[in-house]
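This briefing goes through one structure by topic. Keep the sequence and the 3D view open while reading.

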Amino acid sequence: MALSENNLLKYFFNSGAEVDPEGRFNLSRQTRARRLREIFSILRRHRFLSGFSPESFRAMLEDLGPSFVKIGQTLSTRSEILPKAYCDELAKLQMECDPLPFEQILFTLDDVYGERKGDIFDAIDPTPLGSASLAQVHKARLVTGDTVAVKIQRPGVKATMALDIDIMRIVARHASRFMKDTQMLDLRDVVEELWATFLEETDFAREAANLQEFALLNADVAFIECPKVYPEFCDEYVLVMEYIDGIPILDLVRLEAAGYDFEEIGEKILDNYASQILDHGFFHADPHPGNLLVRNGKIVYIDLGIMGRLSPRDRAGFGSIIQAVGLMSATELKDALLSFAIAKDNAAIDHTRFLADLDMLLGDYGACDVADIDIGQFLTDILLLTRSCRVTLPSSITSVSRGIVTLEGTIAPFIPNQNVVSIINAHIQRSKDPADELRATMEDLARALRSSSLGMVEAAQHSGEALKMLTRGQLKMNMEMLGSDAPLSHLATIINRLTIGIIIAGLFMGSSMVSLSGMEPRLLGVPVLAFFGYLGAAVLSVWVVVDICRRK
């Protein structure tokens with residue numbers, strides 16, 4: 001095992017490793033090598049090559065550190081990737097981690113506030129409210145008398161996570177060489193997205209701004225809220241916000257005892273999430289169970305470290321996709337995906353095949369019962385289709401899809417027989433104003449009529465020019481056959497082999513004629529020119545035979 005480790009370390013660090021451009025996280029060959037040896041040591045301790053149970057898998061991720069805990073938290077809501085037993089065990093990662101000593105928390109606060117700490121806090125509870133892989137939360141009282149929750153980032157966690165992600169970046173870069181172009185995911189893009197998420201989630205000043213913006217956008221929603229933030233006391237490593245005494249979203253026993261209706265909770269969460277995506281364009285990108293509480297009849301988001309944003313164009317495009325899926329219309333879904341795409345090669349897209357594949361996909365899911373539809377697998381299949389057809393969707397669609405899949409896993413106990421897409425589609429229909437819809441339809445009709453009339457005039461003009469060129473013999477036509485690359489490639493291979501066969505025959509016949517002459521000098525009884533002709537024919541013959549066998 002030690003030999004494998006050394007070879008792997010040499011392979012990584014002799015291949016131009018990435019570095020931290022700003023030098024914030026001390027990413028170097030030495031730190032990478034040290035961290036990789038630590039990872040190998042943990043993997044060996046858990047005997048990962050022998051397989052592992054759900055419990056040992058969770059324990060291994062915990063020992064590997066906060067980056068891998070985050071990956072485990074994401075996997076816990078992805079039932080289409082892991083068996084249910086593993087998802088249930090990884091869900092425990094959403095709850096608690098071993099807490100830091102209170103003295104270390106006080107040292108961090110002293111480092112952030114200095115002498116101001118006594119002017120801000122009147123008391124801090126030494127028992128943590130929660131201890132996660134990234135931060136620890138303590139209940140405290142301000143000198144003003146307000147009860148708050150203080151979120152303190154674990155010392156050194158940012159550097160460790162940066163180092164882990166940098167190692168993942170190197171691994172992804174090498175792995176991408178062996179992945180096909182039609183692969184659904186580019187590992188490098190996944191790691192870069194993980195890096196961007198890391199930078200956002202480990203900056204508590206940005207989370208404070210997110211809390212303020214989320215509260216403003218949802219001020220008129222009676223059943224959604226988030227903690228009040230104290231921005232004057234927040235910085236990159238400490239977040240001070242209102243203390244929320246609520247019921248965890250998955251504590252079904254307490255929710256039932258408090259008289260809450262499960263189905264109402266699930267529908268309200270999902271309806272508001274549709275508003276976040278389609279109306280606000282500012283949505284929670286990681287709505288796992290650990291981020292949701294219920295208090296006084298309201299659903300409270302308590303962790304807004306990872307938020308997604310959608311431009312007006314992206315919001316409209318995603319709404320069109322959801323509507324097309326709700327109508328089970330392959331044509332509308334194709335148009336929505338193409339209009340939503342940021343890059344597409346229309347000349348390379350086989351539109352007939354794309355439409356047929358979408359129709360088959362919708363047919364497969366349309367035949368399922370509502371409770372059996374796996375929205376995660378459905379979105380995965382759509383992304384795979386678009387990628388195989390060279391249609392590049394914006395990164396926001398990945399963020400939205402992941403959020404919806406995570407939320408589906410969160411609210412599954414509340415609305416097990418509901419279809420996520422149908423609820424979002426119902427929200428879209430409710431949010432439409434009939435008068436606005438009629439006005440937009442009339443405007444679209446007017447634009448279509450104007451475009452059609454202009455097109456008819458231009459078509460008549462171009463037809464006249466084409467007929468003149470045809471009568472004068474000046475008309476030329478360029479034609480491209482979609483989907484013809486493979487047949488033409490096979491035809492080119494056949495022609496190449498025939499050409500080489502003719503060359504072989506020519507060399508053989510020419511050499512035979514020269515060998516009958518008395519040409520000097522001679523080699524092995526034949527003229528040198530004939531000898532090299534035979535040799536060239538033999539080499540080319542062997543090459544053709546080997547190529548035929550290799551290509552089968």
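Is Y230 buried or exposed? Y230 is buried, with a relative accessible area of 8%; buried means under 20% relative accessible area, exposed over 50%, and partly exposed in between, with a 1.4 Å probe and protein chains only. The model is predicted, so local features need pLDDT of at least 70 and side-chain atom pairs count only at pLDDT 80 or more, while totals for chains, interfaces and linings use all residues. Residues are numbered from 1 along each chain as its sequence is written, and side-chain values use heavy atoms, with hydrogens and water left out.

**Aromatic pairs**

- Rings of Phe, Tyr and Trp (its six-membered ring) pair if their centres lie within 6.5 Å; planes under 30 degrees apart count as stacked, over 60 as edge-to-face and the rest as tilted.
- By this rule the count is seven aromatic pairs.
- In the pair of Y230 and F233, the ring centres are 6.4 Å apart and the planes stand at 15°, so the pair is stacked.
- F233 is buried too, with a relative accessible area of 17%.
- The rings of F508 and Y534 have centres 5.7 Å apart and planes at 65°, so this pair is edge-to-face.
- This pair links distant parts of the chain, with F508 in helix α20 (residues 485-515) and Y534 in helix α21 (residues 528-551), 26 residues apart.
- F508 is partly exposed at 48% relative accessible area, and Y534 is partly exposed at 28%.

- Helices (H or I, at least four residues) and strands (E, at least two) are DSSP runs, numbered from the N terminus, and two strands pair if DSSP finds at least two bridges between them.
- Strand β8 (residues 292-295) runs antiparallel to β9, and four bridges join them.
- Within this pairing, L292 stands opposite Y301, and the bridge partner of L293 in β9 is V300.
- The hairpin of β8 and β9 has two residues between the strands, and N296 there takes a positive phi near 50°.
- Strand β6 (residues 247-248) is also antiparallel to β8, joined by two bridges; P248 has L293 as its bridge partner in β8.
- Strand β4 (residues 224-225) runs parallel to β9 (residues 298-301), with two bridges between them; I224 has I299 as its partner.
- In a regular strand the side chains alternate between the two faces of the sheet.
- In β8, L292 and V294 point one way, L293 and R295 point the other way, and all are buried.

**Helix α3**

- Buried residues in helix α3 (residues 54-64) are P54, F57, R58, M60, L61 and L64.
- They cover an arc of only 160° around the axis (taken from the directions from the helix axis to the C-beta atoms), which puts them on the same side of α3.
- G65 follows α3 and has a positive phi, near 120°.

**Second largest pocket**

- A pocket is an open set of points on a 1 Å grid over the protein atoms alone, where a 1.4 Å probe fits, with protein on both sides within 12 Å along at least five of seven lines; lining residues have an atom within 4 Å of a point.
- The second largest pocket is lined by 37 residues, of which L129, G130, V137, G290 and I302 lie nearest its centre.
- The largest share of its lining, three residues, comes from β1.
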